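Here is a friendly walk through one protein model, written for someone who likes to see the cut-offs behind each term. Please have a look at the sequence and the structure first.

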Amino acid sequence: MIIIMESNSTHEQIENVLETVKKLGFRPHISYGEEKTIIGVIGDERQISDSIFKSLPGVENVIPILKPYKLVSREFKKESTIIKIGDVLIGNGHRAVIAGPCSVENEDQIIQSAMIAKKYGANLLRGGAYKPRTSPYTFQGLGVEGLKLLQKAKEITGLPIVTEVMEVNEVEIVAEYADVLQIGTRNMQNYRLLKAVGKINKPVLLKRGMAATLQEFLMSAEYILSEGNYNVILCERGIRTFVDYTRNTLDLNIIPAVKKLSHLPIVVDPSHGTGRRDFVIPMSLAAIAAGADGIIIEMHPEPNKSISDADQTISPAQFEELMKKIKSLENLMKSWG
Ligand code: PEP
Ligand code: MN
């Protein structure tokens, strides 16, 4: 349940509510809004009645949250969350374009990618240093060396870095270099990893598991928030279906669904969602038109030479075209109100 404090409630009244929550064996999560302070009560709330809190001084209302996810829910927080990454904002009308290669391959490749991304207006640079690959015999990523190259690319272009972390014991090193830590589709339900990134103070880009339901996706985000990290960006990257003309099926339905149920921003990855270079532009535009808070795109200076995910990686010229089309779409969308 969530406890909504009166807008003029005092510090002592808030403290009193927090203490009461703890005494009853629950965990309080406090959120200071523009107008009101809201306290989330975390635990099996079937065991308490809301009347205990309703009678406390300073409490305006108590609302039960029946859904299993609490902190990520719109019931807990009405306003859409805006994630700040340096000067870049994502959420509540602020859109970001994240672009770069699937993997960091070498210095020249990542610096060129970053410069192209910057030139055409990307807001963040992507690139995997730790790669979850289907085959153990393919390129597994440059590891720390890759992180250092990303840092160089950031120094040159100023673009903040989005990069994947795969292991609990690598969270610290990845967080040292990354501005946003990506949790890949295969790790969406790696609960230890989710808890570990919940303990750091950097934003997390959480990719939807390739077979995950909306509820499972939100529960995974809940893991991160419940550890204290509220800076989560959800990412739809396509799910497994019976179709065989694309690598995955990009589930754009999830954008309005997430917006209804959660305050967290959601970005879309049409590269993995389609697996096809020729589908990336139309599906990026579709995602933005459907209300996505951004897109994450695989782009490489020489896409055919990409060590990983070449088939879905667009060229600099295609990226330029995409960015132009996004601008005109955004202008059109302004008239939608
Ligand atoms: C990636 O972004 O390159 C990646 C491995 O993504 P996913 O986890 O969505 O497959
Ligand atoms: Mn990839």
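Thr163 is buried, as its relative accessible area is 1%; buried stands for under 20% relative accessible area, exposed for over 50% and partly exposed for the range in between, with a 1.4 Å probe and protein chains only. Thr163 sits in strand β9 (residues 161-164). Leaving aside residues up to four places away in sequence, Thr163 touches Gly127, Gly128, Ala129, Leu147, Leu150, Val174, Ala178, Val180, Leu181 and Gln182, where contact means heavy atoms within 4.5 Å. Strands (E, at least two residues) and helices (H or I, at least four) are DSSP runs numbered from the N terminus.

A word on conventions: this is a predicted model, in which local features need pLDDT of at least 70 and side-chain atom pairs count only at pLDDT 80 or more, while totals for chains, interfaces and linings use all residues. Residues are numbered from 1 along each chain as its sequence is written, chains are lettered from A and ligands numbered from 1 in the order in which they are written, and side-chain values use heavy atoms, with hydrogens and water left out.

Next, the metal site. Which residues coordinate the manganese ion (ligand 2)? They are Cys102 (SG), His272 (NE2), Glu298 (OE) and Asp309 (OD), at 2.0 to 2.4 Å. Donors are N, O and S atoms within 2.8 Å of the metal (3.2 Å for Na, K and Ca), and water is not among the atoms, so sites may look incomplete. Along the chain, the donors of this manganese ion follow the spacing C-x169-H-x25-E-x10-D. Cys102, in the loop between β7 (96-100) and α3 (107-119), and Asp309, in the loop between β14 (294-298) and α11, link distant parts of the chain, 207 residues apart. Both Cys102 and Asp309 are buried.

Now for two helix pairs. Axes are lines fitted to C-alpha atoms, for helices over the stretch in contact, and angles run from 0 to 180 degrees between N-to-C directions.

| Helix pair | Angle | Axis distance |
|---|---|---|
| α10 (residues 280-289) and α11 (residues 316-334) | about 25 degrees | 10 Å |
| α3 and α4 (residues 144-157) | about 35 degrees | 9 Å |

α10 and α11 are therefore roughly parallel to each other, a label for angles under 35 degrees. The contact is made by Ile281, Ser284, Leu285, Ile288 and Ala289 of α10 and Gln318, Glu321, Leu322, Lys325, Ile326, Leu329 and Met333 of α11.

In the other pair, Glu107, Ile110, Ile111, Ala114, Met115 and Lys118 of α3 meet Leu149, Leu150, Lys152, Ala153, Ile156 and Thr157 of α4.

Methods:
Angles under 35 degrees count as roughly parallel, over 145 as roughly antiparallel, 65 to 115 as roughly perpendicular and the rest as oblique.
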